Amino acid sequence: MPLSLFAALALAAAPSHPYSIQDQVTLRRIGDPSVSPDGKRIAFVLRSTDLEANRGRTDLWLVGADGRDARPLTFSPESEGQPTWSPDGQSLFFLSSRGGSSQVFRLSLQGGEAQPVTTLPLDVGAFRLSRDGKWLAVALEVYPDCGASLECSVKRGEERAKKKSTGQVHDTLFARHWDTWRDGRRSHLFVLPVDGSAAPRDVMAGMDADGPSKPFGGPEEFTFTPDGKGLVFTARDVGASEAWSTDLDLFLAPVDGSGKPRKLTEKNRATDTSPVFSPDGKTLAYLAMARPGYESDRLRVVLRSWPDGKERTLAESWDRSAGSLAWSADGKSVLVTADELGQHPVFSLSVATGQARALSGAGSAAEPRALPDGRVVFLRDDLQSPADLYSVRADGGDVRRLTNVNAEALAGIRFGDFEQFSFPGWNGETVRGFMVKPADFDAKKKYPVAFLIHGGPQGSFGNHFHYRWNPQTYAGRGYVAVMVDFHGSTGYGQAFTDSIREDWGGKPFEDLQKGLEAALQRYAFMDGGRVCALGASYGGFMINWIAGQLPERFRCLVNHDGNLDEKMAYFNTEELWFPEWEHGGTPWEKPEGYTKHNPIDHVAKWKTPMLVIHGGQDFRVVDTQGLGTFTVLQRRGIPSKLLYFPDENHWVVKPANSIQWHDTVLDWLDQWTKNGASAATGTP
């Protein structure tokens, strides 16, 4: 969305300010690009924040593939999403909650109001359109024993709501998952004609499984076959072992109801997901892991000849984990994204040779989409820039920016400069990290340090503009932000990622210590006597571990949703495959895996002031872990505070809560690093 020269000059003359949490929650966020059949236009979703309503809202936008003529398509007070082009390119299908229910709508680009395509009695969670535009697949929450009768599921839900008793009876695990209690419903995929000439048909009838998978699966997990006669979808249909199995499989179901779903990936007991057909319809590409029970195993690209089923793994020697799977327009390459040494580029994998070529360079890329002329459209951001649409040639040349959705806001913001550094970590192996300077940097000054520890633990604090853990919020407050991609992080080869298993407080802990000291030696403007460490999830565990191992190193600590007791955490969490893999088995099979690096066994050594934060709807790391941490701190007389969000899960996502989170955290850091605090165990 290019600015006029006059507007650009006016913005340049306006006063600016350091980046703040108010900026973070109000910046517009772009996503879900969809390329028109002729490749001349790109539809996308743009999210803005309604602070008064305390939520985000989304609209559909359209921009030319050359970056011109950006304009909004919808102005609904409700949320719109998942833009999908009709085969003739004359209209867009999309999801909208207008009218009080999430349904599929169709908007003619020739003019006029959007018209409902579905008027189902249940909300549509995600949808797909067949290649010929005649069929829809929709995800609906239903009671499996109701069969294809949506009315039965509606009635069952109404009856449950009318009950005066509130007790719930469960006979399997996943009684609760992420932030939701199971109520007997499953997400099933239904197929219906676009013209509404037939009732929806449940292609997952009889399956006690979710399609898409929960809690984060979406339309990327299912697709129509090229002839429109079948639906390929992802589901974990493993019976009572669901809570400790990562065996997602691909299934093929006929849309006419002539048969039951057939498992396509029977031989693989690990994850298979993200099916995408080639432009000529002769090959099905999907992502697959090899090791059962490991959620962070390398995702390989598998090519399956269609319909005969012959398979081969593409780019087996490429030691990266693929995501965001798509095909090039000519079908000669597969487009993916992957973590790569602190960056997250778009890669093109040659179907013929498996050779991988990075297309997008530094920063973090997402959602690559092919244009008919061979160019690739993708989202890109970095530590100083929120995401926008870009395009690049198939050989990686001629990168073009297509949108600038936050031009006005960014013109008034000052960001801290950043750079990547490396150092010898555990066993002398190279470890990388990032440093972000304060927004108003003065080389003659010394600055306090916010030492950020990522979660996962198989993740990365890379060159990415994050909307929860953004180092620029600390840089804007006058801190140097430092992040280290310790052993266990992604983007440095699968062996590096695997190395954290059964060693949570070992190699990563050593890397964090060495990384902080390396940064202090490299950057003279960092004040090593005024450092606070912060982390969430695994990072929160590490904060508790640091409290017992380095009780006098940090001025203060911030622990968001971190485990205090690894053994009890196993019995409290929901996805059991995670602790069983990370600690080498169950607590009764391998108790030493849960006691080797258990923070609760070292609380007698705690001294450092700590801010504890937890969400009441966090079923991944339950709130009693945070409450237990706070109990230790208070009982031992250690300066501490508890910030509790009864309505948040493992993340803090509501705008007002995010503002409170950041204000509380930054005030805590200021208290112990800027206001005369003289020691980690002293009072300010």
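Modeller: Helices (H or I, at least four residues) and strands (E, at least two) are DSSP runs, numbered from the N terminus, and two strands pair if DSSP finds at least two bridges between them. This is a predicted model, in which local features need pLDDT of at least 70 and side-chain atom pairs count only at pLDDT 80 or more, while totals for chains, interfaces and linings use all residues. Residues are numbered from 1 along each chain as its sequence is written, and side-chain values use heavy atoms, with hydrogens and water left out.

Biologist: Which residue stands opposite Arg 262 in β19?

Modeller: Strands of a sheet pair through backbone hydrogen bonds, either parallel or antiparallel. Here Leu 252 is the residue opposite Arg 262, and β18 (residues 249–254) and β19 run antiparallel, joined by two bridges. Both belong to an open sheet of four strands with antiparallel pairing, in the order β16-β17-β18-β19, whose edge strands, β16 (222–224) and β19 (262–263), each pair on one side only.

Biologist: Where does a positive phi occur in the hairpin of β10 and β11?

Modeller: The positive phi, near 75°, is at Gly 133, in a hairpin with five residues between the strands. Strands β10 (residues 124–129) and β11 (residues 135–142) pair in the antiparallel sense over four bridges, and Leu 129 has Leu 136 of β11 as its bridge partner.

Biologist: At what angle do the axes of α7 and α8 cross?

Modeller: Axes are lines fitted to C-alpha atoms, for helices over the stretch in contact, with angles from 0 to 180 degrees between N-to-C directions. The axes of α7 (residues 507–522) and α8 (residues 538–549) come within 11 Å and cross at roughly 75°. In contact (heavy atoms within 4.5 Å) are Pro 508, Phe 509 and Leu 512 of α7 with Tyr 538, Met 542, Trp 545, Ile 546 and Gln 549 of α8.

Biologist: How much space lies in the largest cavity?

Modeller: On a 1 Å grid over the protein atoms alone, a cavity is a set of points where a 1.4 Å probe fits but cannot get out, a pocket is an open set with protein on both sides within 12 Å along at least five of seven lines, and lining residues have an atom within 4 Å of a point. Grid points are joined across faces, edges and corners, and a volume is the space filled by probe spheres set on the points. The largest cavity holds about 40 Å³, and its lining includes Arg 298, Trp 318 and Leu 349. The second largest pocket holds about 460 Å³; among its 22 lining residues, Asp 171, Arg 182, Asp 183, Gly 184 and Arg 185 are the closest to its centre.
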